[in-house]
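Open the model in your viewer and keep the sequence panel beside it. We will go stop by stop, selecting as we go.

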Amino acid sequence: MQTRQFDSQIVLVGTKTACQFFDQDFVIGNQGAFDPPLGATNVDPARTTLAVTFDRAMDREGWAWVIEDKATAPDIGESTWDAAVRTNSAPVKLEPGKTYVVWINSPQYSYFKDPQGRAATPVRWSFTTRAAAATPAGS
């Protein structure tokens, strides 16, 4: 995995090809999903994986988990594909009571592509972990 910093964004990139132009966008839609879901609240801070599932098989050699701001970024490890090359999962470390933001592709970095080179439409993914349990007084 490579980590690159461009302006204020940090991009976690895995690719063996340069960014290509594409003729048709596609979205992580009807049969795609985010885990945890977009905008989720009360996410378990003990969770250890983030995953995005696309509506089609993707190019195994390219992906981009884009960090918008270090302050809202989870600690993300190197991602992997499932056997069907539709779900990309990354190990994470989360903290309680925090809102996280990660882009799947971004306007500048579009490495999640299908085998024909069409880039997935960038999606800003945010979710919030639940607060730590309160410690009873006198404990």
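Predicted model: local features only at pLDDT ≥ 70, side-chain atom pairs only at ≥ 80, totals over all residues.

Buried means under 20% relative accessible area, exposed means over 50%, and partly exposed lies in between (1.4 Å probe, protein chains only).

Residues are numbered from 1 along each chain as its sequence is written, and side-chain values use heavy atoms, leaving out hydrogens and water.

**Whole chain**

Start with a cartoon view. The protein has 10 strands and zero helices. Both kinds of element are DSSP runs, numbered from the N terminus: strands (E) need at least two residues, helices (H or I) at least four. Now show the surface. Of the 139 residues, 42% count as buried.

**The loop between S3 and S4**

Select Pro 36. This residue lies in the loop between strand S3 (33–35) and strand S4 (49–53). A cis peptide bond joins Asp 35 and Pro 36, with omega about 5 degrees. Next, pick Asn 42 in that loop. Phi of Asn 42 is positive, near 65 degrees. Most residues other than glycine have a negative phi, and most peptide bonds are trans.

**Another positive phi**

Move to Val 85, in the loop between strand S7 (80–81) and strand S8 (87–93). Val 85 is not a glycine, yet its phi is about 55 degrees. Is Val 85 buried or exposed? At 10% relative accessibility, Val 85 is buried.

**Salt bridges**

A salt bridge is a side-chain nitrogen of Lys or Arg within 4 Å of a carboxyl oxygen of Asp or Glu. How many does a search of the whole structure find? The search finds six.

Select Arg 47 and Asp 35. They form a salt bridge, with the closest N and O atoms 3.0 Å apart. Arg 47 sits in the loop between S3 and S4, Asp 35 in strand S3, 12 residues apart.

Now select Arg 130 and Asp 44. Their closest N and O atoms are 3.4 Å apart in a salt bridge. Arg 130 is in the segment after strand S10 (123–128), 86 residues from Asp 44.

Finish at Asp 114 and Arg 118, whose side chains meet in a salt bridge at 2.8 Å, N to O. Asp 114 is buried, at 2% relative accessible area.
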